[in-house]
Amino acid sequence: MTEDIRKFLFEEYSKIFVNSEKFRLFFAPGRINVVGEHTDYTGGYCMPAGISAGTFVLVKPNSSAEFNAFSINFPDKILKVDISSNQIKENNWGDYLKGVLVELAADGYKIDRGFDGVVYGNIPNGSGLSSSASLEMSLILAILGINGYNIPENGSKEMIKLTLCAQRAENNFVGVKCGILDQFAIGNAKENRVIKMKCDTLDFKYSPINLKDKTIIIMNTNKKRRLEESKYNERRSECERGFEILKNYGIKKTALGDVTIGEWNELKSKVKSADEIIYRRLNHVVGENDRVLRAFESLQNDDLSRLARLINESGDSLKTDFEVTGDYLDAIVEAARSTSGVIAARMTGAGFGGCAIAIAQKDDLDKIKLEISQKYQKSTGIAPEFYNYDISDGAREIEI
Ligand code: GLA
């Protein structure tokens, strides 16, 4: 964290609350997903990493059983949440605080001490870098920290339990039917590493990500995601239907994410003639799961060009088979891929707008960004934004 952010948080805090000696600061990153998109809710594989932008929660305990929380991003009022009362959804950012509180209690955590806190996120909202899961995880750590619990290590069993709690808050209280990718990635990320995760068993492995003379750039289309929720749910149910069809053809697996390329190749022509749309959705999911395994292997073997090929294939599959990109993501990916010094580009996250990632030559970044920006603006009329975040550790307390 930069000194500037630290100073800014303290200044903002003292505008709202009385200063105190007992501050604690919690942080949860956003995430990118390098490969393995729209596979988590099929019980398949993803390969995310944490980024150095995220959500900061600066808190001090108060003597009540109430959270008084102020969001620097949504600064309309101090939100007051009485820990012991029945939590009611209000369709504002406070729903995340209430949602995680309800789910922590459901998991048996004893929460009875309140805090006064400010919340600040420096991930652009709606950009597909998981600002919501980052908010959930940072709030969970703040609540637990203030209530005397130890903050678990990234990758520990206890942290995994908290990521499931955050996912349930999002599914049950906030009402978004997301998978476990975002929360898991944010809770368990490690500096300069990707995580290969299996989304039903939650088995996972880290690998260093060594891009040599290249780096990952995040390209924001600045096109806010629209309709994404209904389309997202539509894709989920298409996958569920697809899995039923495969089971009718004799596949005996507990999750769609376990179906292998070999099994799919045996059945795909039958599925295609039965239902062309379902065929394409399944073709993406089965192929994408296999790409994660190969991409992880490529990183372990230091084979950057193979990794780049797989990222590009993933992007193409999300565009043509899974149909979750749209004009703006297509335009930025096309602009990046046609720029010299870029070896791979694809959308990241849910799609339908938001961000794409590219792997680009480090020493030429300014020129590369300028060229992508010009091409993208020419085709869409919108100026994109670029971020060079580091690959960072997961949710944690920051010493102050
Ligand atoms: C969103 C969801 C995740 C995952 C991705 C697509 O980020 O929150 O659970 O489904 O989309 O891979």
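Guide: Domain bounds come from an automatic or database domain assignment. Here that assignment gives domain 1 (3-209 + 392-398) and domain 2 (214-389), and their centres, taken over C-alpha atoms, are 26 Å apart. This is a predicted model, in which local features need pLDDT of at least 70 and side-chain atom pairs pLDDT 80 or more, while totals for chains, interfaces and linings use all residues. Residues are numbered from 1 along each chain as its sequence is written, and side-chain values use heavy atoms, without hydrogens and water.

Visitor: How do you know how many residues of domain 1 and domain 2 are in contact?

Guide: Contact means heavy atoms within 4.5 Å. By that rule, 40 residues of domain 1 are in contact with 43 residues of domain 2.

Visitor: What area do domain 1 and domain 2 bury between them?

Guide: Buried area is the accessible area (1.4 Å probe) that two parts lose on being put together, summed over both. For these domains the value is about 3300 Å², with 66% of it on carbon and sulfur atoms. On the side of domain 1, Glu37, His38 and Tyr41 lose the most area to domain 2, together 19% of what that side buries.
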